[in-house]
Amino acid sequence: MAARRMGAAASATEQEEEGGGGEEEEKEVRSEVPDSLSGKYTGSFAYLTITERLPYIVTKAVDTLHRHTDTFFAQYGQEGVEAEKKAIGLMSKLRNELQTDKPVLPITDGFPDAVQWNKYLEQQQARLGSVENTSWFRAPWLYVECYMYRRIHEALLLNPPMCNFDVFNEAKTQGFLESQQAITALSTHLQKVNKEVKCFKETELKAELQRLLEVALWGNRCDLSISVGVSNPQKLNPLTTLDSLKPLILVDDFESVWCLLINSKRKGTSETACTRVDIVLDNSGFELVADLVLADFLITSQLADEIHFHGKSIPWYVSDTTKTDFDWTLKQMKTSCHQQMSSCGVAWENNVTKGVWIYQDHPFWTFPHEFCDMSQVANDLYAELQKSNLIFFKGDLNYRKLTGDRRWNYSVPFETALRGFQPAPLCSMRTLKADVQVGLKPGLGKQLAASDPDWMTTGHYAVIQFNSPLRK
Ligand code: F6P
Ligand code: MG
């Protein structure tokens, strides 16, 4: 493939020699910021993703449009069919640019966030030294992967009757429906816990929080980006597998999360302060349900008084949650024939109505920036997050953005990789699906790599990583 030749500016061997990506983890922590993961490192997961996985995702989006010709005709007549053809043309062009390693182009749809995207492109051109260096295989992986989803959206925005069409909707719906058994098991468990929670001793409260937090953590295995849109549901009762999964949690800062919440609850009863928890959501389907179950428990246990959910404003990384997905999930739960599922749905809609649960979105979540840029690029969002007592960041992409998607040594402290992003105490809950990992005990990364070369990209392992601006 042309892209292979043109993009191969640095090889995996060079990557090792540079000491990035954890290869020199035993050495002293470096003070400078390492290079971004990129398709220029031949053989890396970024390279594999750009070569194979991203074109496949665009192809599936095109197929989805093809399969909906009748729907577009029924809804918008011939105008709908013409729009569909044009959108397919734009997506095919996008795939071609990607596969032939063309430089990234400005966004042309005039949508409000286009200004920010184009400014970012100019900055990248300046940083990388030329327009050519902002090509798919040479630019940072995080940038081009985010850009691909923005361009898929552009293809629809430029063809107005299709503006609101979500090319990933079917896959997300299927993910939810195929996880039914796991969802009913979890709903039944939650309803039982909610009846008993008022009488819980602190030890029981802690054990239950840990259980539901781990269910939400492993729910992150169900994303449809890693599976390139192929169904990836939760089949087993998630509660019965937690013990066997425990050794796969490489960093477990649950204790810090617990201490923060229980201390806040103890203070709250004396000072009537409100504890706000934010959840920066990731995937719709089983993972979203698991997050909502955790959020429900935080409220009923009075470990939190208010939950703010942050979703995506455009379809993103195949399965990420949009407002439509959030509302759809609540409705599916409420109208389910399964009594416990339905009870959850009713309670959750009430939480929204009462303002105890607040759904928010912000364009920053679908920008390509590292989170350390948030205070500059989206000061309003940063200020909003500063009001939180604890922010959960769900999933792999959020982890990549927290750490800048860089070739950090594995034992670099999480705080170093955050590079000043500390709006409030935060906790990343992520299964490993990209080759960036920090905060490991010295030697662990090397050990894992020796037993499984793909340990960072299969979702087999996970981390619960905490950082607090107050924790020094
Ligand atoms: O691993 C492939 C990938 O597309 C990564 O680029 C991305 O980080 C991840 O999948 C998405 O995972 P999540 O849904 O957990 O953010
Ligand atoms: Mg996702």
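With which residue does Arg 430 form a salt bridge? In this predicted model, the partner is Asp 396, and the closest N and O atoms of the two residues are 2.8 Å apart. Arg 430 belongs to strand β8 (residues 426–431) and Asp 396 to helix α17 (residues 396–402), so the pair ties together parts that are 34 residues apart in sequence. Both Arg 430 and Asp 396 are buried.

The structure holds 28 salt bridges, among them one between Glu 287 and Lys 394, whose closest N and O atoms are 2.8 Å apart. This pair links distant parts of the chain, with Glu 287 in helix α12 and Lys 394 in strand β7 (residues 390–394), 107 residues apart; Glu 287 and Lys 394 are both buried. A further salt bridge joins the side chains of Lys 93 and Glu 97 at 2.6 Å, N to O, and these residues, being 4 residues apart in helix α4 (residues 69–99), are separated by about one helical turn. Lys 93 is partly exposed, with a relative accessible area of 42%, whereas Glu 97, at 6% relative accessibility, counts as buried. Lys 93 and Glu 97 are also linked with Arg 151 and Glu 154 in a network of salt bridges.

The magnesium ion (ligand 2) is coordinated by Asp 282 (OD), Asn 283 (OD1) and Asp 320 (OD) at 2.1 to 2.2 Å, and its donors follow the spacing D-N-x36-D along the chain. Asp 282 lies in the loop between β4 (276–280) and α12 (286–300), and Asp 320 in the loop between β5 (306–311) and α13 (323–334), so the pair ties together parts that are 38 residues apart in sequence. Asp 282 and Asp 320 are both buried.

Note on methods. Residues numbered from 1 in each chain as written. Chains lettered and ligands numbered in written order. Predicted model: local features only at pLDDT ≥ 70, side-chain atom pairs only at ≥ 80, totals over all residues. Heavy atoms only, no water. Donors = N, O, S within 2.8 Å, 3.2 Å for Na, K, Ca; no water. Helix = DSSP H or I, 4+ residues; strand = E, 2+ residues; numbered from the N terminus. Buried < 20%, exposed > 50% of the residue type's maximum accessible area, 1.4 Å probe, protein only. Salt bridge = Lys/Arg side-chain N within 4 Å of Asp/Glu carboxyl O.
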